[in-house]
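Here's a quick tour through one model. Have the sequence and the 3D view open side by side as you read.

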Amino acid sequence: MRTYLIFWKAMLRQSVVGSRGYYIWLLILLFFIALGVVGYIQQLRHGLIVTNLSDQVSWGAYISNFAFVVGIAAAAVMLVIPAYVYKLKSVKKIVLVGELLAVAAIIVALLFVVVDMGRPDRLWHLLPIWGRVNWPQSMLGWDVIVLNGYLLLNFHIPAYELYKKYTGHPPSDLYYKPFIVISIFWAVFLLLVEAFLYVGLGGRPHWNAAILAPRFFTAAFSVGPAFIILTLQLLDKYTHLDVEQEVYLVLKRIVAVALLFHLILLVAEVFKEFYTDSTHGESARYLYFGLHGYHGLVPFIWTAIALNVFATLSFAIPKFSRNMVLINIAAVAAFIGIWIEKGMGLIVPGFIPTPLGDIVEYFPSWIELQICVGIWATGLLLFTLFLKAAIPIETGALRLKNLKS
């Protein structure tokens, strides 16, 4: 027990000790977190009236970001599978990055759920059995289970492995390999339940499509590895973590295939919405071309499509994918493109027009944006602290014997 406490104390100390640049980065994140807290206090004081959410559009920036971040969390399996199933040593050395990213992303996703609830004191109703969430019929109840289960799995696996490395003892397969297998299937359930939250709402034709679940998978497996590519380059430059070129090759291939399928599914969805020319396609018509003089989302969706096409071509064409500068730009483009697509291209148009035919356009208020920025900064802060503490142990720079000496 004493050794375990020493381990966590060493992790905590390591996470807050760094260079001048590291402290500046932390201060920047803390500034944006403070902005988010100020915005959330305003929301708590005055209620959801400070947002632009309404009876007609009840899900906006918060749920849009939630849907996007869950995909990033599930994408950790794109490192777990090659590392533990295909036993690629080069990927296994950095699989820790994906697992820690999953932990930070799930915490961020849960924070977006918290701020979306006007009464946080009623959050206990989300808990199955204790709350009034009608579990197991309610998909929201299942979502609470898969989110928290995935958080625990991805917290336990890296924490156990780091502890064993810190103490210099080999990890026991019994205590982490079964959980790795479970986490792979759990990530699949995470994305399925996430998609079923929307697909199950039959009164919203824009979401009530079987193709939505595969689109969640392709989006997650595009954005997550793209973000990890950018992160690994920073770690390779500013830490002692050695990232082999094979890792980038594996990740680029995953992103290329996922983005390609994402575009194919987009074409299939557009065909389904427009070819039949039924009233169920009105949300799509509003989204892509505007409806009855309202065009609020049109610039967003075409920007997202342009960014995703650019990213797909950059990752899929071998001549382009060898240029890391272009790949970095493409990774950012894919991140922004799919982020827009999940929010302004999926969640918001699901409410427009309403079942009664009313059109109420939505754009996040400044307070919503302020809170969203604060939550994103919280996620980046957690991810930074996790990596700062874990990498010295992973690379062997921090061990129990070093402290004793």
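In which helix is the place of Thr 231? Thr 231 sits in helix H9, which covers residues 212-238. Bear in mind that this is a predicted model.

Let's stay with that threonine for a moment. Thr 231 counts as buried because its relative accessibility is 9%, and the cut-off for buried is under 20%. Its side chain reaches the backbone oxygen of Phe 227 at 2.9 Å. Setting aside residues up to four places away in sequence, Thr 231 touches Val 97, Phe 383 and Leu 387.

On to the nonpolar cores. The largest one has 130 residues, and those touching the most other members are Phe 66, Phe 112, Tyr 150, Tyr 198, Leu 232 and Phe 315. Helix H6 (residues 95-116) is the top contributor to this core, giving 15 residues. Apart from it there's another core of 6 residues, with Tyr 22, Leu 29, Ile 33 and Leu 381 among them.

Take Tyr 198: leaving out neighbours within four places in sequence, its contacts include Trp 59, Ile 63, Phe 66 and Trp 207.

| Feature of H4 and H6 | Value |
|---|---|
| H4 span | residues 77-85 |
| Axis approach | within 8 Å |
| Crossing angle | roughly 145° |
| Handedness of crossing | left-handed |

Which residues meet there? From H4 come Leu 79, Val 80, Ala 83 and Tyr 84, and from H6 come Val 95, Gly 98 and Glu 99. By type, the residues of this contact split into 5 nonpolar, 1 polar and 1 charged.

Notes. Residues are numbered from 1 along each chain as its sequence is written. This is a predicted model: local features need pLDDT of at least 70, side-chain atom pairs count only at pLDDT 80 or more; totals for chains, interfaces and linings use all residues. Side-chain values use heavy atoms; hydrogens and water are left out. Helices (H or I, at least four residues) and strands (E, at least two) are DSSP runs, numbered from the N terminus. Buried means under 20% relative accessible area, exposed over 50%, partly exposed in between (1.4 Å probe, protein chains only). A polar contact is a pair of N or O atoms within 3.5 Å; within protein, one must be able to donate a hydrogen and the other to accept it, and residues adjacent in sequence count only if both atoms are side-chain atoms. Contact means heavy atoms within 4.5 Å. A nonpolar core is a set of buried Ala, Val, Leu, Ile, Met, Phe, Trp, Tyr and Cys residues joined through side-chain atoms within 4.5 Å. Axes are lines fitted to C-alpha atoms, for helices over the stretch in contact, and angles run from 0 to 180 degrees between N-to-C directions. A crossing is left-handed if the near helix is turned anticlockwise from the far one by less than a right angle, and right-handed if clockwise. Ala, Val, Leu, Ile, Met, Phe, Trp, Tyr, Cys and Pro count as nonpolar, Asp, Glu, Lys and Arg as charged, and the others, Gly among them, as polar.
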